[in-house]
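Welcome! Please take a moment to look over the sequence and the 3D view, and then we can walk through them together.

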Amino acid sequence: MADVLKVIEVLADSEKGWEDAAVEAVKRAAKTLKNIKSIYIENFEAKVDGNRIVRYRVNGKISFILE
């Protein structure tokens with residue numbers, strides 16, 4: 001039987017970078033979801049203050065297998 005996956009949209013941010021924001025999104029989702037298979041980053045955004053990037057943000061889609 002083929003697996004059935006569900007996709008949810010998540011937003012996450014980090015002071016370190018976009019990659020860290022994506023890692024944090026998966027970590028947070030893993031607290032309530034099982035069988036996470038992938039994250040697709042749809043958008044990147046950064047908050048700027050005083051001509052410096054202070055927060056990196058990602059909008060991603062996490063897919064996981066339904067049990």
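Is phenylalanine 44 buried or exposed? Phenylalanine 44 is exposed, because its relative accessible area is 54% and the cut-off for exposed is over 50%. Keep in mind as you read that this is a predicted model.

Let's begin with helix H1, which runs over residues 18-30.

Which residues of H1 are buried? They are Ala21, Ala22, Ala25 and Ala29. These residues take up an arc of only 100 degrees around the axis, so they sit on the same side of H1. Turn to the face pointing away from that buried side and you will find the exposed residues Glu19 and Lys27. As for what covers the buried residues of H1, the cover includes strand S1 (5-14), strand S2 (36-49) and strand S3 (52-65).

## A cluster of rings

Now for the aromatic side chains. How many aromatic pairs does a search of the whole structure find? It finds two. In one of them, the ring centres of tryptophan 18 and phenylalanine 44 are 5.7 Å apart and the planes meet at 85 degrees, so this pair is edge-to-face. The pair links distant parts of the chain, since tryptophan 18 is in helix H1 and phenylalanine 44 is in strand S2, 26 residues apart.

Tryptophan 18 also forms an edge-to-face pair with tyrosine 56, at 5.0 Å centre to centre and with 80 degrees between the planes. Tyrosine 56 lies in strand S3 and tryptophan 18 in helix H1, so this pair ties together parts that are 38 residues apart in sequence. Through these ring pairs, Trp18, Phe44 and Tyr56 are linked into a cluster. Tryptophan 18 is partly exposed, with a relative accessible area of 32%, whereas tyrosine 56 is buried at 17%.

## A buried asparagine

Finally, have a look at asparagine 59, which is found in strand S3. Asparagine 59 counts as buried because its relative accessible area is 13%, and the cut-off for buried is under 20%.

What does the side chain of asparagine 59 join through a polar contact? Its partner is the side chain of glutamate 9, at 3.1 Å. Leaving aside neighbours within four places in sequence, asparagine 59 is in contact with Glu9, Val10, Leu11, Tyr40, Ile41, Glu42 and Asn43.

Methods. Residues numbered from 1 in each chain as written. Predicted model: local features only at pLDDT ≥ 70, side-chain atom pairs only at ≥ 80, totals over all residues. Heavy atoms only, no water. Helix = DSSP H or I, 4+ residues; strand = E, 2+ residues; numbered from the N terminus. Expected span 1.5 Å × (residues − 1). Buried < 20%, exposed > 50% of the residue type's maximum accessible area, 1.4 Å probe, protein only. Arc of directions from axis to C-beta. Contact = heavy atoms within 4.5 Å. Polar contact = N/O pair within 3.5 Å; in protein donor to acceptor, adjacent residues only side chain to side chain. Phe/Tyr/Trp six-rings, centres within 6.5 Å; stacked < 30°, edge-to-face > 60°.
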